[in-house]
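This report describes selected features of one protein structure, from strand pairing to helix packing and aromatic contacts.

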Amino acid sequence: MPYELLVGLRYTRSRKRAQGRNRFISFISLVSMFGIALGVAALIVVLSVMNGFQEELRTRILGVASHVQVQSPEGGLMAWQQVADESLRHPAVRAAAPYVQEQGMLSFDEGVRGTLVRGVIPSAEGKVADFGRYMQAGSFDALQAGRFGIVLGRDLAAALRVRLGEKVTLIAPQGLVTPAAVLPRVKQFEVVGIFEAGMYEYDSSLALVHIADAQALYRLGDAVSGVRLKLDDLFAAPRVARELAMTISEPGLVVADWTRSHANFFRAVALEKTMMTLILFLIVAVAAFNIVSTLVMAVQEKYADIAILRTLGASPASIMAIFVLQGSVIGLVGLAAGVAGGLAIAHNLDVVIPALETLTGATLWNKEIYYINELPSQVLWSDVSTIVTVSFVLTLIAALYPSWRASKVNPAEALRYE
């Protein structure tokens, strides 16, 4: 092999007989490797969790919400069938379903909870949302006009302590004006199903009823709140929404896509991912620049060796290559350990998190705070390659100055007192 490679690898290895300064240099090298490995592993795990959180959040939100909503600003849309038909003519629209959405209050026994009431047609709603897949008890298709059945989120049902088959009282905020007083509209609904979407926001506050029952309770007649649309490509929602706003003949309608109605969630996740990446790259940079002190000490220790190599004909470029190689080996070993550890943790978070919770006795993942009930992870190889590339470049940059100083050693000066 080239002698630069041979000498560089020899300088990197820690020998059992190394003593004093040599052993200390080897220790600093191990610390630098560990720091790089820790930073790289942390980067991979954090970015995988952020990617998984973003994807899981989007999947669960759009499993209950819709890709695009067409609604009337006045709150009542009479010609909803026409709007649905015109929307379905767009090649990107897969399905359409009308809905009624109002505020309400649910009461059972002594428990009272505010709720968001959504009136739906089960056969049509199943084409734009995934409630059938989220059902934990009962049946989504049990919602029938005139039966006054209701499907509750799991956490909402638990808060009310209500079970399948029991009756809850739904109170509409719009009251009946009588000569004596203003009386609220009240109706009993039978719990025919319980769903769990995995999003605390929906599981704790959403109640589904048949659209005809919602129209009767809220006195909407044949009007609905709007039409929900499902697209072939959810990422095309902004473009499709703009096109539908120009093609729907009904005037004054508001066409909103999921990127607008849930923009705060995804912007927060994207911003947090960016800041966490920057912070963790600083950790990798600090670990990488520990190589500077390692190589500076190595150059000081190997002054005589460098001078002898120069007198034997080694060029300054060769001397520089030896120490760049030493720094690169430290970086590569740290990178390899970090990538292996990071991928192992990222792919086994479902085991790591419960183990840490059992060990510490603390709840590390609270679905009431993080909106979803489990910690997701999605490893993107583009992120891994970026982490490895940037970390290795930082390692090379850190190795350049000490290596350049080594190449400038004057053999006569170094060997004067040898």
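In which sense do β2 and strand β3 pair, and over how many bridges? The two strands, of which β3 spans residues 111-120, are antiparallel, and their pairing extends over 10 bridges. The model discussed here is predicted.

Strand β2 comprises residues 93-108 and is mostly covered, with 12 of its 16 residues buried. Within its pairing with β3, leucine 106 has arginine 113 of β3 as its bridge partner.

Strand β2 also pairs with strand β9 (residues 226-231), again in the antiparallel sense, over six bridges. Here alanine 96 stands opposite leucine 229 of β9.

## The hairpin turn and positive phi values

β2 and β3 form a hairpin in which two residues lie between the strands. Aspartate 109 belongs to this turn. Its phi is positive, at about 55°, although aspartate 109 is not a glycine. Is aspartate 109 buried or exposed? Aspartate 109 is exposed, with a relative accessible area of 69%.

A positive phi is also found at phenylalanine 148, a residue other than glycine, where the value is near 55°. Phenylalanine 148 is placed in the loop between β4 (135-138) and β5 (149-153).

## Packing of helices α13 and α16

Two packed helices are described by the angle between their axes and the distance between the axes. Helix α13 (residues 316-346) packs against helix α16 (residues 381-407) at an angle of about 150°, and their axes are 8 Å apart. Because angles over 145 degrees count as roughly antiparallel, α13 is roughly antiparallel to α16.

The crossing of α13 past α16 is right-handed. The residues of this contact comprise 18 nonpolar and seven polar ones, with no charged residue.

## Aromatic pairs

A pair of aromatic rings is described by the distance of the centres and the angle of the planes. The structure holds five aromatic pairs. One of them joins phenylalanine 131 and phenylalanine 140, whose rings are stacked, 5.6 Å centre to centre and with 25° between the planes. Both phenylalanine 131 and phenylalanine 140 are buried. Together with Phe195, Phe131 and Phe140 form one aromatic cluster.

Why is the pair of phenylalanine 235 and tryptophan 258 edge-to-face? The ring centres of phenylalanine 235 and tryptophan 258 lie 6.4 Å apart and the planes stand at 70°, so the pair is edge-to-face. Phenylalanine 235 is located in the loop between β9 and α9 (237-247), whereas tryptophan 258 is in helix α10 (residues 258-261); the pair therefore ties together parts that are 23 residues apart in sequence. Phenylalanine 235 is exposed, with a relative accessible area of 54%, whereas tryptophan 258 is buried, with a relative accessible area of 5%.

Methionine 78 is found in the loop between β1 (68-71) and α3 (80-88). With a relative accessible area of 56%, methionine 78 is exposed.

How far apart are the C-alpha atoms of methionine 78 and glycine 226? The separation is 9.1 Å, although methionine 78 and glycine 226 are 148 residues apart along the chain.

Methods:
Residues are numbered from 1 along each chain as its sequence is written. This is a predicted model: local features need pLDDT of at least 70, side-chain atom pairs count only at pLDDT 80 or more; totals for chains, interfaces and linings use all residues. Side-chain values use heavy atoms; hydrogens and water are left out. Axes are lines fitted to C-alpha atoms, for helices over the stretch in contact, and angles run from 0 to 180 degrees between N-to-C directions. Helices (H or I, at least four residues) and strands (E, at least two) are DSSP runs, numbered from the N terminus. Angles under 35 degrees count as roughly parallel, over 145 as roughly antiparallel, 65 to 115 as roughly perpendicular and the rest as oblique. A crossing is left-handed if the near helix is turned anticlockwise from the far one by less than a right angle, and right-handed if clockwise. Ala, Val, Leu, Ile, Met, Phe, Trp, Tyr, Cys and Pro count as nonpolar, Asp, Glu, Lys and Arg as charged, and the others, Gly among them, as polar. Buried means under 20% relative accessible area, exposed over 50%, partly exposed in between (1.4 Å probe, protein chains only). Two strands pair if DSSP finds at least two bridges between them. Rings of Phe, Tyr and Trp (its six-membered ring) pair if their centres lie within 6.5 Å; planes under 30 degrees apart count as stacked, over 60 as edge-to-face and the rest as tilted.
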